[in-house]
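Biologist: I would like to learn how to read a fold from its strands, helices and cores. Could you walk me through one?

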Amino acid sequence: MAALASTPGALPAAGAGQKFDFDTPYNRVGTNSIKWDAQLRNFGAGSLVAGMGISDTDFRTAPVITEALNQRLKHENWGYLDMPRSFPETIISWNKRRYGIEIHPDRMLLSTGVHPSIISALRAFSPRGSKVLMLTPAYDGFFGDITAAGCVAEQCPMKLVDNRYQIDLEELDRHISADTKSLILCNPSNPTGNVWTAAELTAVGELCTRRGVVVLVDEIHCDFVTPGHKYTPYCLLPNREVVMNSVTFKSASKAFSLSALKCGWMYSDNASYIARIAATGHSGDINTLGVVATQAAYTGGEPWLAELVAYIDGNHDFTEKYLREKAPLIRYTKAQGTYLAWLDVNPLIAKLGAAEKAAAATRQKPAGARPVTASMLVQDFLVKQAKVQINPGSAYGFVGEGRMRMNLATSRKTLALALDNIAGAIARL
Ligand SMILES: Cc1ncc(COP(=O)(O)O)c(C=O)c1O
């Protein structure tokens, strides 16, 4: 068994002058969290020192948010909410101030999250049974949204050049057919960490516009961009026709760890697109605490977020260096954005003989059952031998196989412990 001790001596100190504490591990076990509790339920009590799967953070949220929520809790009635006008105004002014985005209040819909927004948009643009295009590897949740809307996922694989994913426009063009009505695009990309440039977004947008495919842009990870890269809001692209053929989806939930408060929104410069989505019966019935938390985040949370983004960037650097030096069977090229590390575990798969074992396990399954993949076996290996849970790449489309997605949004101490355990487990092979 791996020594379950971290290497604090090797830990880089938190940034000088840092006001907020991201370094002290915050125990989420016992709160019904998917990232920790659901994994302990799946793999057994005591099976984990680090849950690094689902995409939320392990940090206490910004103190201004907790203060606002505590204030609201003093009023002990939770009856129906008359949505304050100040709420959409707060969202609009955050997007304007931070990114230069002009959201027209009439061309925006509130939502209980990005998933419900995307499902409503698919219902508006993609008839049941039609194809919804994705650039894969793609966020696994999109597959669920497409199924929920009664559509069929069409995977357009990206190409890997120097260990970076690139969009293959010719391939994308080939994947569009008469019944392809929408494309889901993620920027920054979960899971690959790409931050798409204006030129890349424009090229995809022009192709889709020419082929009559609406572009649904998920920018939920936009706050996490590493130095040297820039988040380009799709709605600010210079080609007006491209912008008018899009809808953007957002939430404060990734940046401020508010996912279970169920609050998001979507907008488009194209009023008719928003009208079509509204006509599906889309519900913007957000709960009171989601409104309070988001409003607090967007009025007073920016200094906290700035420190968090820098801390996450440090986690990316730490992970890249650590794996290169101590666990080279796992390769990691630093992400351009998000707090996710898209790891290449092909050398580890080879060492474990996981591809052959997965094929043999699949043969034992009834015909039509979900196949066992090599990355699923890597997940099992890491849970059993390192007590760390990370997500198998096969969940992100067929080209995701050979990869694992590791969530780095945790204290550096927990990250170091997880990496030590992983390196130890590999060393014992
Ligand atoms: C790219 C992306 N979109 C959407 C979601 C889910 O958003 P929500 O919780 O607002 O439905 C996630 C969560 O992991 C995500 O990574």
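This is a predicted model: local features need pLDDT of at least 70, side-chain atom pairs count only at pLDDT 80 or more; totals for chains, interfaces and linings use all residues.

Biologist: Which residue of strand 10 is the bridge partner of Ser-111?

Modeller: That partner is Gly-264.

Biologist: And what is the strand order of the open sheet?

Modeller: The order is 2-10-9-8-7-3-4, seven strands with mixed pairing. Strand 2 (108-111) and strand 4 (152-157) are the edges; each has a single partner strand, so one side of each has no neighbour in the sheet. On average, neighbouring strands are turned by 25° against each other, ignoring direction.

Biologist: Which strands does helix 3 touch as it packs on the sheet?

Modeller: Helix 3 (residues 86-99) touches strand 2, strand 9 (246-250) and strand 10, and its direction makes about 115° with that of strand 2. Helix 10 (residues 271-278) also packs on the sheet, touching strand 2, strand 8 (214-218), strand 9 and strand 10. The direction of helix 10 makes about 35° with that of strand 2.

Biologist: Which residues of helix 10 are buried?

Modeller: Tyr-273, Ile-274 and Ile-277 are buried there. Looking down the axis of helix 10, you find its buried residues within an arc of 95°, so they line one face of the helix. Their cover includes strands 2, 8, 9 and 10, along with helix 4 (114-125) and helix 8 (240-244).

Biologist: Now the cores. Which residues have the most contacts inside the largest nonpolar core?

Modeller: They are Ile-65, Leu-183 and Phe-256, in a core of 68 residues. Domain 1 (8-61 + 302-427) and domain 2 (70-300) both contribute residues, so this core lies between them. Setting aside neighbours within four places in sequence, Phe-256 has contacts that include Thr-61, Ile-65, Trp-94, Tyr-298 and Trp-304. A second, separate core has 37 residues, among them Ala-50, Met-52, Ala-335 and Ala-354.

Biologist: How many residues of each domain are in contact with the other?

Modeller: 30 residues of domain 1 are in contact with 38 residues of domain 2. The C-alpha centres of these two domains lie 25 Å apart.

Biologist: What is often used to give the size of an interface?

Modeller: Often it is the accessible area lost when the parts come together.

Technical notes. Residues are numbered from 1 along each chain as its sequence is written. Side-chain values use heavy atoms; hydrogens and water are left out. Two strands pair if DSSP finds at least two bridges between them. Helices (H or I, at least four residues) and strands (E, at least two) are DSSP runs, numbered from the N terminus. Axes are lines fitted to C-alpha atoms, for helices over the stretch in contact, and angles run from 0 to 180 degrees between N-to-C directions. Contact means heavy atoms within 4.5 Å. Buried means under 20% relative accessible area, exposed over 50%, partly exposed in between (1.4 Å probe, protein chains only). The arc is that of the directions from the helix axis to the C-beta atoms. A nonpolar core is a set of buried Ala, Val, Leu, Ile, Met, Phe, Trp, Tyr and Cys residues joined through side-chain atoms within 4.5 Å. Domain bounds come from an automatic or database domain assignment.
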